[in-house]
Every structure is written in structure tokens, then in C-alpha cells.
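Welcome! Take a moment to look over the sequence and turn the model around, and then we can walk through it together.

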Amino acid sequence: KLNLAGPSVNVQCACSTSMVSTLLGAASLTSYQCDLVLAGGATIEIPEKKGYLYQEGGMDSAGGHCRPFDAGADGTVFSRGAGVVLLKRLADAIADGDTIHAVILDGAINNDGSGKVGFTAPSVNGQVEVGIEAFERVGVKPESVSFVEAHGTATALGDPVEVASLSQVFSRETDRKQFCAIGSVKGNIGHTDVAAGAASLIK
């Protein structure tokens, strides 16, 4: 419909799908494979109404609420959603008079390999490594970051791993405490699966 003629890539890496799509799209821009990128994801589930059986320690919330990084967190709530961002090289966006909502400096992607318990269970070491790499690629100091939009699923396994990982990444560069807030859009809209990264970025 839009007559786009650049690379068209279908990415599927579970919850990180739309964020990885964004970074791959940014790489296409910086390598001049294209001049603009539409990156994102969509989750549509059928049937629209369905339930689940709560299992202690599992991913699903006991009470049907997603409370990331909260003492009352007991799991996530899966939802439907779609999110798309349009990316351009900054100089082109300025020259074209575009409304610029944010500037992506760079990012990093990795995988835990055999260091994780399961496919959806990240390891602290893997997240620390990708966090360090991201800061090195971007060229900014952790002290200059005032907010981190996290994955934040409100699960007993995921949230502590994220906090521990971020703490290690930040403490490598600074001894300062409590200068960076943390949050997750999932507390508002639930876990939109492959659209989760796009939802976080748009927030």
C-alpha cells in the first residue's frame, strides 16, 4: 500500500521482536540501505477472550494485574497490541522539517546462550554484557541516564534479574545511588508480546 521498496524483514524473537526490529532498521539507515524505516510489531490472539490457570512461580498473574517492580507483583498479564515507529537519519529528519520525538543513539543485541535456565528466562550475566555493550556503543555514561524503560513483566524471576543487571552495569561507572528511575509500560497495558518493545519505545 505504501509502495516501500527497501529491505523487508520479518523478525521473530519473542518479547524483544519489535525492539530488535528497530535496531536492525536503524542499522539499515546508517548503512544507507534505505532512507526511512517502519519498525514494530503486532500481537493479535484468537480467541479474543480466554483465561488461564494460575501456577505459582509462573508467568501469569494470580490476580489479573501486572505490577512491575512492585512488592505485590505476582506475574504478568498478556494482552494484544500493535506499535510502529518511523525512523530516519537525524540529518534527513531535520532537513525535511519532520517532528522528532526522540533520537536513538545506538543499541546492542545479544543472547544468553547456554547461560539461561530456559528460553524465556534471562541470565544476569547476559543482560550485564548487553548493557555494557550498549553504553560503549552509544558513548554516554550511565550517570547521564535518568530513566530506564525496562521489560518489567512483574514476574518473580524476570524483575529481580533486570534490577540486578542494571545495578551491575551502572555501578561499574558510578557510586551514585537512586538517580535513575525504572518503569515498564506493562503496568498500564499488559504484556503485548512481540509488540512489547515498540510499546516501550513509544512510551
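## The overall fold

For 203 residues, a compact globule would have a radius of gyration near 17 Å, and the chain agrees, with 18 Å. That radius is taken over C-alpha atoms, and the globule rule is 2.2 Å times the number of residues to the power 0.38. This is a predicted model, in which local features need pLDDT of at least 70, side-chain atom pairs count only at pLDDT 80 or more, and totals for chains, interfaces and linings use all residues. Residues are numbered from 1 along each chain as its sequence is written, and side-chain values use heavy atoms, leaving out hydrogens and water.

The chain has 6 helices and 4 strands, following the pattern α-β-β-α-α-β-α-β-α-α along the sequence. Here helices (H or I, at least four residues) and strands (E, at least two) are DSSP runs, numbered from the N terminus. Of the 203 residues, 33% count as buried, where buried means under 20% relative accessible area with a 1.4 Å probe, protein chains only.

## A helix and a glycine

Now visit helix H3, residues 124-138. Which of its residues are buried? In H3 they are Gly126, Val128, Val130, Gly131, Ile132 and Phe135. What covers them includes helix H4 (158-171). Just after H3, glycine 139 takes a positive phi of about 80°.

Next, find glycine 83 in strand S2 (residues 81-87). Glycine 83 is buried, with a relative accessible area of 7%. Beyond its neighbours within four places in sequence, glycine 83 is in contact (heavy atoms within 4.5 Å) with Ala39, Gly40, Gly41, Ala195, Ala198 and Ile202.

## The second largest pocket

A pocket is an open set of points on a 1 Å grid over the protein atoms alone, where a 1.4 Å probe fits, with protein on both sides within 12 Å along at least five of seven lines; lining residues have an atom within 4 Å of a point. About 660 Å³ of space lies in the second largest pocket, a volume being the space filled by probe spheres set on the points. Its lining has 24 residues, with Pro7, Ser8, Val9, Val37 and Leu38 nearest the centre. The elements giving two or more residues to this lining are helix H1 (17-30) and strand S1 (37-43), and S1 gives the most, with 6 residues.

Here is the lining by class:

| Class | Residues in the lining |
|---|---|
| Nonpolar (Ala, Val, Leu, Ile, Met, Phe, Trp, Tyr, Cys, Pro) | 14 residues |
| Polar (the others, Gly among them) | 10 residues |
| Charged (Asp, Glu, Lys, Arg) | no residues |

Definitions and conventions
The expected span of a helix is 1.5 Å times one less than its number of residues. Buried means under 20% relative accessible area, exposed over 50%, partly exposed in between (1.4 Å probe, protein chains only).
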